[in-house]
Structures are given as structure tokens and as C-alpha cells.
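Dear colleague,

Please find below the structure that I am handing over to you.

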Amino acid sequence: MPNLPDHPQRYAMVNELHARPFPVLEAPCMAAYVAIKEPVDAANRDRALDKAHLLALLDRNGAAHPQPDATHYAGPIGRSELKWESHTEFVTYSAFTPGLSARVFDPIEAEVFPAEWVAAAPGKRLTSVLIRVETLPTDEAELVARLDDWFVGESLAVARVVDGAAVIAGDFRIDPAGHMRFAVFVQPGTGGRRVGRIVQRLCEIETYRAMSMLGLMRSRQLTAQLNSLDPRLAALVGALDDTEPSPDAALHNLLAISAELESLAVKFSFRFGATAAYEAILNQRVQVLREERVAGRQTFGEFMMRRYDPAMRTVKSAEKRLKEMAERAERAAELLRTRVDVERSAQNQKLLESMDRRADLALRLQHTVEGLSVVAISYYAVSLVAYLAAPFGKGLGMSKEALTAALVLPVVGAVWFMVRRIRKAMH
């Protein structure tokens with residue numbers, strides 16, 4: 001094969017496929033997970049602060065540093081394995097510790113991330129999760145008893161996943177220590193990579209659920225603003241066929257409403273687009289678990305369908321309403337332009353009629369002036385011709401008065417004919 005030069009990004013693109021490997025976990029173990037996000041404009045945050053925060057945690061444990069431009073990191077911190085990832089809007093920290101504490105979901109297990117270190121984070125805690133991984137009991141009744149003891153039954157979701165390799169459970173509630181709890185019961189003999197994928201999927205499901213629910217909070221703000229704009233737009237559209245308000249006033253009001261709608265579209269478009277992306281990722285993560293029902297309990301997919309999907313439909317409804325109102329404002333602008341064009345056409349018609357009348361008056365005046373000019377020119381022409389013909393008149397025995405009188409009609413006729421020729425030539 002010829003030695004062709006590589007594309008500058010060839011290796012970077014391939015390496016990106018392998019940039020975030022799943023952790024390798026063996027039951028029993030514990031996972032602590034936290035996602036941190038800037039509350040405002042997180043996509044444009046200073047990522048150097050994120051890196052500095054990571055280095056502060058690594059330095060606490062004397063761990064090695066990542067590459068300067070790295071967006072992910074994995075390495076040991078004490079007894080735990082740390083995994084750090086930087087995403088578009090947030091950063092995540094996962095710590096996997098072998099063994100389990102005597103107390104189920106003991107808050108001390110989250111202290112792998114020290115409280116003062118978490119408090120100094122460049123952002124706010126988006127979600128915090130504790131995942132308990134242990135061997136699956138042989139007796140299903142014992143499994144159900146543990147779940148009833150650990151979780152709130154009303155919102156508990158349970159499923160056998162990945163072809164029966166494990167049973168996962170969680171109630172999607174925040175405990176008094178501020179953490180969300182999940183349990184993973186692993187079949188004996190299940191490989192560590194498969195266990196790691198299951199735990200990683202649970203972390204991703206919770207993270208993308210939280211991120212997409214931000215869209216619901218924003219959609220409620222948008223709905224309140226649209227509720228105030230909708231009556232104004234409806235009243236403006238309804239008054240387009242009335243004489244009041246004037247087109248100028250209606251246009252001013254319409255521009256104000258359109259500007260507000262455009263501002264809202266710019267303000268909320270990123271969040272709505274991100275919400276749709278996070279929703280798609282979450283649904284995909286749930287699907288790849290390949291859930292099977294356990295003891296008649298609801299699965300994660302059913303929980304999302306009953307609790308999560310209505311929230312996403314609310315977001316889509318607000319986004320659709322904003323788009324429809326913008327389209328209504330655009331149609332109202334077209335109607336207003338039509339109204340203005342019709343009124344201008346009527347004004348132009350009146351102006352043309354007025355111009356026609358003026359032109360007719362001017363033409364009449366011109367004819368009058370032409371008649372007067374013929375008389376005036378003829379008067380001077382008769383005088384001149386009379387002076388020229390005076391010697392001939394004496395020879396004929398005609399007096400000056402008789403000669404002048406005889407010249408009037410021929411001279412007037414000649415002047416009139418000349419004026420007609422000049423006007424005809426000009427036209």
C-alpha cells in the first residue's frame with residue numbers, strides 16, 4: 001500500500017472512540033458519583049477552573065496529574081479508583097471503592113469527595129449518587145425484602161438487566177444526606193466489565209435525567225412569559241381589519257411583540273435543543289439495559305414513561321408554542337403590510353386622479369395662453385408687416401389704416417398656423 005500522509009485529525013478521531021472506557025468492577029463494591037454544573041452559561045464556562053478543581057483532589061491523594069488538554073482522567077485516589085469526565089455543560093466525578101460498609105448507603109462512603117472540596121467546586125452540584133453493588137441473593141423474597149427496606153416503594157423501579165446478569169433498583173429520591181441511591185445485585189460469575197457498564201449506565205441515566213429536567217424548569221418560565229404575550233398578539237391580530245389603531249401604531253406594537261418572541265427564542269433555543277439531546281441519550285441508555293420485570297415491580301422504562309415523559313412533553317409543548325406564536329406574529333406582519341399596501345394604493349389612486357385634474361387644468365390654461373399668445377404675436381406682427389407694406393400701400397392709394405386692417409386676418413392666420421406647427425413638432 002502506498003505511504004499516504006495521514007489526515008491531521010486521524011488519530012485524534014480514532015482515540016476519541018476509546019477515550020472513556022467503562023470501569024472494571026467486582027462485587028461487592030461501592031460507587032460514589034457527583035456531577036457539577038455552572039448554573040448559568042455552563043457551555044461557555046472557564047474549563048481551566050474545572051481542571052484546577054480536579055488537580056486539587058488529586059493533590060490531596062498524591063495522585064498523578066492528567067495531560068494539560070485532557071477531557072477525561074482515570075486513576076487511583078487512596079483505596080478508590082477515580083474517573084473524571086468533562087462534558088459540554090458539566091463535569092462528573094466517579095469513585096469506585098471495593099467492599100461495602102456495614103450500614104447500607106452510609107453517607108461516609110461519599111466522603112471520598114471531601115465536603116470542603118465539593119464546596120469549592122466551580123459550579124453547583126447537579127446530582128450526587130451512591131450505588132451499592134453486591135451479589136444477587138438466591139432467594140427472590142430476600143431481594144424484595146431488601147428493596148422494600150432500602151427504598152420508597154411508591155417510586156421504586158426494579159429490573160433484571162443485560163440478559164439477567166444483574167438486578168438494578170432505585171427510587172429516584174434524594175436521601176437526607178443529599179444523595180440518590182441505586183442498588184445493583186450481580187449474578188455470580190458476571191464479568192467486571194459488564195458490572196462496570198451497568199453501574200456507568202445508572203450514573204448516566206441519573207445525570208441525563210437531571211440535565212433534561214432543567215428544560216422543564218426553563219419551559220415553565222417561558223410559559224409564564226408567553227401567557228402575557230399571547231393576549232397582546234391576539235388583540236393585535238383581531239384589530240387588523242379595524243380603522244383603529246392606525247397602521248403605524250399597529251406596526252409599532254407588532255414589532256415590540258416580535259422582538260420579545262425573537263429574544264425568547266434566542267434565550268431558550270440552546271436549552272430546548274440540549275434537552276432533546278439529553279432525552280434521546282437517556283432513552284437510549286434505558287433501552288440498552290434490556291429490562292425484564294422483577295416481582296411485578298415497575299421497570300426503569302415504565303418509571304420514565306409515567307414520571308419523566310410528561311415533563312419532556314411539557315418542554316416540547318412550550319417550544320412548539322413559542323414557534324407557533326412567532327409564526328403568528330410573522331403572519332400578522334404580512335397582513336399588516338397588506339393593509340398598508342391597500343391604503344397606499346388608495347392614496348396613490350387619489351393622487352393620480354388629482355394629478356389628472358391638474359394636468360387637465362394645465363392643458364386648458366395652456367390652450368388659453370396659446371390663444372392669447374396668438375393675439376399678442378399677431379398684434380406685433382401686424383405692426384411690423386404694416387411698416388414693411390406701407391410703401392406698397394401708398395403706391396396702391398391705400399391709407400395706413402386700410403392697409404393695417406387688410407393685413408390683420410392674413411397675419412393672424414399665419415401666426416396661428418405657425419404656433420400649431422410648433423406645438424405639433426414639440427409633441
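Glu 134 counts as buried, at 9% relative accessibility. Please note that the model is a predicted one. Glu 134 forms a salt bridge with Arg 146, and their closest N and O atoms are 2.1 Å apart. Because Glu 134 lies in strand S5 (residues 124-135) and Arg 146 in helix H4 (residues 140-150), this pair ties together parts that are twelve residues apart in sequence. Arg 146 counts as partly exposed, at 23% relative accessibility. Both residues belong to a network of salt bridges that also links Arg 132 and Glu 142.

The whole structure holds 23 salt bridges. Among them is the pair Arg 285 and Glu 204, whose closest N and O atoms are 2.4 Å apart. Arg 285 is in helix H6 (residues 247-288) and Glu 204 in helix H5 (residues 192-238), so that distant parts of the chain, 81 residues apart, are linked. Arg 285 and Glu 204 are both buried.

Asp 171, in strand S7 (residues 166-174), is buried yet has no salt bridge. The nearest side chain of opposite charge, that of Arg 173, is 5.0 Å away. Beyond its neighbours within four places in sequence, Asp 171 is in contact with Phe 151, Val 152, Ser 155, Leu 156 and Arg 181.

Zero disulfides were found in the whole structure. The sulfur of Cys 29 has its closest cysteine sulfur in Cys 203, 11 Å away, which is too far for a bond. Cys 29 is buried, with a relative accessible area of 3%, and Cys 203 is buried with 1%.

Yours sincerely

Key. Residues numbered from 1 in each chain as written. Predicted model: local features only at pLDDT ≥ 70, side-chain atom pairs only at ≥ 80, totals over all residues. Heavy atoms only, no water. Helix = DSSP H or I, 4+ residues; strand = E, 2+ residues; numbered from the N terminus. Buried < 20%, exposed > 50% of the residue type's maximum accessible area, 1.4 Å probe, protein only. Lys, Arg positive; Asp, Glu negative; His and termini not counted. Salt bridge = Lys/Arg side-chain N within 4 Å of Asp/Glu carboxyl O. Contact = heavy atoms within 4.5 Å. Disulfide = S-S within 2.5 Å.
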